[in-house]
Amino acid sequence: MSTTVLQRAQQRAGALGAGLYAAVLAFALLAVAGAVGLGLSQPWLFPSLGPTVMLFFESPGEESSRPGHTLVGHLVGIAVGWAMLHLFALQGLPPAPVGGLTAGHVLAGALSVALTSLVLVAVKHQHPPAGASTLIVSLGILSRPSQLLTMVLAVLLVTSLGWALNLLLGQRIRA
């Protein structure tokens with residue numbers, strides 16, 4: 001059985017090798033997403049992609065790092081965040097970080113994370129970074145339909161490229 005690039009990096013340099021492996025791949029993947037965003041003038045780089053990419057390369061064997069968990073997690077998070085944004089009638093207000101935190105933002109944010117967690121545990125597709133996606137939407141940071149589509153497309157891009165990079169470097173990841 002051959003060793004993966006990650007295993008060889010760990011054998012040669014221990015934790016530093018594993019850290020460099022994750023750092024280089026995370027940088028490359030997020031730089032690609034950012035470049036697409038620059039080219040399209042759309043937010044293809046947003047906070048919940050950071051922990052997603054970290055999971056892909058720091059702990060590729062974990063269930064929450066699987067592509068299926070990633071896609072389902074972020075889709076559920078985005079949908080629940082959008083529902084909470086509308087349930088609490090926040091779509092016409094400035095995003096919480098810009099206009100200030102209101103009681104509606106607090107309820108929408110807290111409930112969006114709780115419901116996202118509930119759904120993901122129920123369908124056995126936990127992906128903790130989805131908690132950030134649901135907050136991004138429920139707090140109005142990215143909430144227009146075009147922005148939500150961009151979030152979905154960015155998650156698809158990062159997940160497919162992350163999975164491909166892991167496979168190319170010897171990591172066998174279940175979907």
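**Close-up views of a predicted helical model**

View 1. The expected span is 1.5 Å times one less than the number of residues; helices are DSSP runs (H or I, at least four residues), numbered from the N terminus. The model is predicted, so that local features need pLDDT of at least 70 and side-chain atom pairs count only at pLDDT 80 or more, whereas totals for chains, interfaces and linings use all residues. Residues are numbered from 1 along each chain as its sequence is written, and side-chain values use heavy atoms, with hydrogens and water left out. At alanine 13, H1 bends by about 140°, the bend being the angle between axes fitted to the seven residues ending there and the seven starting there.

**View 2. The buried residues of H1.** Among the buried residues of H1 are Leu6, Ala9, Gly17, Tyr21, Leu25, Leu29 and Gly37 (buried, under 20% relative accessible area; exposed, over 50%; partly exposed, in between; 1.4 Å probe, protein chains only). The buried residues of this helix pack against helix H2 (49-58) and helix H7 (145-168).

View 3. Valine 152 is found in helix H7 and counts as partly exposed because its relative accessibility is 22%. Leaving aside neighbours within four places in sequence, valine 152 is in contact (heavy atoms within 4.5 Å) with Leu75 and Ile78. The C-alpha atoms of valine 152 and leucine 139, 13 residues apart along the chain, are separated by 17 Å. Leucine 156 also has its place in helix H7, and with 42% relative accessibility leucine 156 counts as partly exposed.

**View 4. Residues with positive phi.** Most residues other than glycine have a negative phi. Just after H1, serine 41 takes a positive phi of about 55°. Alanine 89, which is not a glycine, has a positive phi of about 50°; alanine 89 is found in the loop between helix H3 (67-87) and helix H4 (96-99). Its relative accessible area of 52% makes alanine 89 exposed. Lysine 124, in the loop between helix H5 (103-122) and helix H6 (130-138), has a positive phi near 55°. Lysine 124 is exposed, with a relative accessible area of 61%.

Methods: Helices (H or I, at least four residues) and strands (E, at least two) are DSSP runs, numbered from the N terminus.
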